[in-house]
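We'll take a walk through the fold, one piece at a time.

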Amino acid sequence: MKINLKALTEKELKKFIEGQKQTLYRAKQIINWIYKKYATSFEEMTDLSKSFRELLNKTAFISSLKLLSRIIGTKDGTQKFLFELEDGETIESVLIPDKDRLTLCISSQVGCAMGCKFCVTGQLGLKRNLKAYEIIDQIISVSKIIAPSVIPPSPLYPALSQKCGVYQRGVRGDSSLSKITNIVFMGMGEPLHNFPEVLEALLRITDIVGFSKRRVTLSTVGIAPKIFELAEKAPRINLAISINATTDEIRNKIMPINQKYHLKELLNACRKFPLEPRRQITFEYLLLEGINDSKEDALRLINLLKGIKSKVNLIPYNPSPKRPEFRTTSKDKTIAFQKTLQNAGITAIIRKSKGGDIFAACGQLKATYFVRNSSTAFKSS
Ligand code: SF4
């Protein structure tokens, strides 16, 4: 059976290449081709001898994600990518431009077991964990798609060039938008619920693909014991906590994970999370009208965050007809909430909701693939 080289850790890949009677230098070349030049075939590896490439073709392969659709939001340039995995399951990744940043939000699971009440992904339940290479492949695939040199219709993306009416060229006129600058684990799934594979992915993203740890953020709903493990095994990765409530009573209702790890335990883990100078933990706070957006909530949040180097991102809720019990907090109330935090010396930012027009905003990822018109248009919602 052929071996998928992307499924191997760096150490395993080196061992495999040694087993082919080749030097370690060859392993480095292959790693470079796969993770830096995004090669998906051995034919592309032109600095390997023809005989070695033929040998590799017989013994190994390089997996890649199949792009099913790419939708580009007309409002803010946010892009949503729908990928098919080898077993036919689908995942979504979202690319968010913001000034000089191009952040890729990646998925760590197919579906999610956490069941947050305001989240569409949470309603799917967990289908399966992603493998480390499937997590990294989102970065590789999107990097390849947005790179200027491969933007024209290409045989590498037959699904797009042959049948995809929504295919658009990259946002033009800004070279900074052709390279991912930041990675966030905020797509489908709870990354700490798939810890071994996410950890391996984190190591490859930073050590092999070459992203600075400062530019990689893992967002969790708060699996407290794993926060300690993350600090130990992947130090200096940015941590974001999706907190969203200031009492256990409310958090239990909207985020079932809180019934297992209460706010106190979660925040204790945050207090012990080692931070380098000038680094903070980001607390994501989704404002829900009448549920968690009162002045008392803001005051309680200030208390909860005492002793934690933190900043707060206030996130406007993207309404969904499927969740009529949740409504968006008004702009005035959002600003008042922000001011209360700021008056207490907390950095609080109202995050612009991006990608809402293409169902790519927070809590909207679902990875459903509808063929609306068999020849031209695809829509994910
Ligand atoms: Fe899962 Fe995150 Fe959705 Fe909660 S918000 S259900 S953790 S994907």
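Predicted model: local features only at pLDDT ≥ 70, side-chain atom pairs only at ≥ 80, totals over all residues.

Residues are numbered from 1 along each chain as its sequence is written, and side-chain values use heavy atoms, with hydrogens and water left out.

Let's begin with the whole protein. It has eleven helices and 16 strands; these are DSSP runs (H or I of at least four residues for helices, E of at least two for strands), numbered from the N terminus. Of the 381 residues, 53% are buried, where buried means under 20% relative accessible area, exposed means over 50%, and partly exposed is in between, using a 1.4 Å probe and protein chains only. A contact here means heavy atoms within 4.5 Å. Among contacts with a separation of 6 or more, 65% are between residues 24 or more positions apart.

Now find the sheet. It is open, has ten strands and mixed pairing, and runs in the order β3-β4-β5-β6-β9-β10-β11-β12-β13-β14. Two strands count as paired if DSSP finds at least two bridges between them. In general, strands of a sheet pair through backbone hydrogen bonds, either parallel or antiparallel. At the edges stand β3 (66-72) and β14 (347-350), each with a single partner strand, so one side of each is left without a neighbour in the sheet. On average, neighbouring strands are turned by 20° against each other, ignoring direction; the axes behind such angles are lines fitted to C-alpha atoms, for helices over the stretch in contact, and angles run from 0 to 180 degrees between N-to-C directions.

β3 and β4 run antiparallel and are joined by six bridges, with Arg 70 partnered by Phe 81 in β4. The two strands form a hairpin with six residues between them, and Gly 77 in the turn has a positive phi of about 80°. Strand β4 (residues 79-84) is mostly covered, with five of its six residues buried. On to strand β5 (residues 90-98), which pairs with β4 in the antiparallel sense over six bridges.

Jump now to strand β13 (residues 310-316), where you'll find Leu 314. Is Leu 314 buried or exposed? Its relative accessibility is 0%, so Leu 314 counts as buried. Leaving aside neighbours within four places in sequence, Leu 314 contacts Tyr 285, Leu 287, Thr 334, Phe 337, Gln 338, Leu 341, Ile 349, Ile 350 and Arg 351.

Next come the helices. Helix α1 (residues 10-19) and helix α2 (residues 24-35) have axes that come within 9 Å and cross at roughly 130°. That makes α1 and α2 oblique to each other (under 35 degrees counts as roughly parallel, over 145 as roughly antiparallel, 65 to 115 as roughly perpendicular, and the rest as oblique). On the α1 side, Glu 10, Leu 13, Lys 14, Ile 17 and Glu 18 meet Leu 24, Arg 26, Ala 27, Ile 30 and Ile 31 in α2.

Phe 16 also belongs to α1, and counts as buried at 13% relative accessibility. Not counting residues up to four places away in sequence, Phe 16 touches Ile 3, Leu 5, Leu 8, Leu 56, Thr 59 and Ala 60. In the loop between α1 and α2 sits Gln 20, which is buried with a relative accessible area of 15%.

Finally, look at helix α6 (residues 195-209) and helix α7 (residues 224-233), which pack at an angle of about 30° with their axes 11 Å apart. α6 and α7 are therefore roughly parallel to each other. Phe 195, Leu 199, Leu 202 and Leu 203 of α6 make the contact with Lys 226, Glu 229, Leu 230 and Lys 233 of α7.
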